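Hi,

Here is the structure I promised to pass on to you. Have a look at it first, and then read my notes below.

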Amino acid sequence: MPAVVAIGGQWGDEGKGRVVDLLARHASIVVRYSAGNNAGHTIVNDKGKFALHLIPAGIFYPDKTAIIGNGLVIDPQALIDEITMLETRGVSTERLRVSDRAHLVMPWHPIIDQQEEQFRGTAAVGTTGKGVGPAFSDKVGRWGIRMSELADAEGFMARLRLVLDYKNEMLTKLYGVEPLDFDHIYETYREHWARLAPYVTDTSLICHEALRRGDRILLEGAQGSLLDLDAGTYDYVTSSVPTSMAGGAAVGAGIAPRDIDRVVGVYKAYQTRVGNGPMPTELFGREGDRLRDAGQEYGTTTGRPRRCGWFDSVAGRYTIRLNGCHSISLTRLDVLDRFEMLKVCVAYSINGRRVDEFPSSRLALEAAEPIYEELPGWEANTSDCRRFDDLPDNAQRYVRRIEELIGAPAALVSVGPERDQAIIVDPIL
Ligand code: GDP
Ligand code: IMO
Ligand code: MG
């Protein structure tokens, strides 16, 4: 039984953690394959509410292996904090495995992140400030340090010396900030290694052996397709590949693309975005506030208010196509329970011309005016519905219209953050 990937179809925070937590029961391994602790995945289960940044949602099942794949950049302190938080709250991390090929977020990365944002000024990306972008830049630029390098005291010392000498040149001469201290970083990262070593291994091999046995692997995406380095609203994107496209899920988990046989797109029933960049259906003023209040839309990682807007089916259709989604999980339908009328964007008007496909140009996206279709609300509580037929007629119509517009069926409709607050239309795994 091959791998299934759950990807974000919008600008992140679609409820991937919540969906993966639900689907994980059918898999033996759950793998995070990309990004770093810029992600924030919320899971609500019988042990309480958790925000995970690096560890995949499968960690809550004692019989599943939870893997942090080679596609991630890992801030070791953040990972240790997350492990400690889970252990303190009674969640075992015994079956957590971390790829020896994953890259490290080093102390200079958050500083460079902040400096670059300052330099961009009004054009700032609005990053999470975790140093994830600069860590990926270093990976591509061959200045990265990988997890396995921490194991060898002398090797790490030599590598750190080389990279830090270069980074200190940048910090002092380009940015005019204080240089970083070699001994302090060396000691700290060796201590991190002492704590993390039991988890670190060749995770690609674990996945390979599981696939050969016929086990199911679930790949947990981070961010959303519209933040993808290639496919997203460049340059207001993240520095990794959240999509399932080649270079995304398969590479980041260390498996072959042919091992992925199902792609599930996770979409919110409306649109949100944190950080800057174009968002054609963004609502401002009281309308935006109403949606933000109804959904309590504040970032899991940074606490920033999320920008909110109506469902954008132009963007949705685009990300369904890119990822080859077989089906979608539509989350947060309950947030719309009290709206008397809903809008769905069916096309854009750009400089007076109707546009049906998601444009690549930032200028075009900034100029895009949504063309809306209005749908009646249902003004009823959906959070207790467990079958599709239990949903009010107008809620069913809303879901069906989204399916039609984006071209993929809803296999799962989520009506609340708790594990059981879901309507399983079609078993995904
Ligand atoms: P992720 O980054 O894609 O995992 O999403 P986040 O965790 O950042 O944000 C999703 C938020 O929506 C979290 O607070 C979830 O607990 C919550 N959530 C997920 N599904 C539902 C749902 O169907 N209804 C409601 N009301 N909340 C949900
Ligand atoms: P999850 O996995 C929402 C956004 C940031 C910023 C841009 C670049 O929880 O859906 P970065 O720190 O990655 O260099 O910031 O990407 N961003 C996210 N937005 N959800 C996320 O992850 C995000 N990860 C990064 O807000 O706009
Ligand atoms: Mg999130």
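Let me start with Tyr-186, which is buried at a relative accessible area of 10%. Please keep in mind that this is a predicted model.

The structure holds 9 aromatic pairs. Another of them is Tyr-318 with Phe-358, stacked with centres 5.0 Å apart and planes at 25 degrees. This pair links distant parts of the chain, 40 residues apart: Tyr-318 belongs to helix α10 (residues 313-323), and Phe-358 to the loop between β17 (353-355) and α11 (362-367). Tyr-318 is buried at 12% relative accessibility, and Phe-358 is buried at 9%.

Elsewhere, Arg-290 lies over the face of Phe-339, 4.1 Å from the ring centre.

Finally, what coordinates the magnesium ion (ligand 3)? Asp-13 (OD) and Gly-40 (O) do, at 2.0 to 2.1 Å. Asp-13 comes from the loop between β1 (3-8) and α1 (16-23), and Gly-40 from the loop between β2 (29-32) and β3 (41-45), so the pair ties together parts 27 residues apart in sequence. Asp-13 is partly exposed at 21%, while Gly-40 is buried at 11%.

Best wishes

Key. Residues are numbered from 1 along each chain as its sequence is written. Chains are lettered from A and ligands numbered from 1 in the order in which they are written. This is a predicted model: local features need pLDDT of at least 70, side-chain atom pairs count only at pLDDT 80 or more; totals for chains, interfaces and linings use all residues. Side-chain values use heavy atoms; hydrogens and water are left out. Donors are N, O and S atoms within 2.8 Å of the metal (3.2 Å for Na, K and Ca); water is not among the atoms, so sites may look incomplete. Helices (H or I, at least four residues) and strands (E, at least two) are DSSP runs, numbered from the N terminus. Buried means under 20% relative accessible area, exposed over 50%, partly exposed in between (1.4 Å probe, protein chains only). Rings of Phe, Tyr and Trp (its six-membered ring) pair if their centres lie within 6.5 Å; planes under 30 degrees apart count as stacked, over 60 as edge-to-face and the rest as tilted. A charge sits over a ring if NZ of Lys or CZ of Arg is within 6 Å of the ring centre and within 35 degrees of the ring normal.
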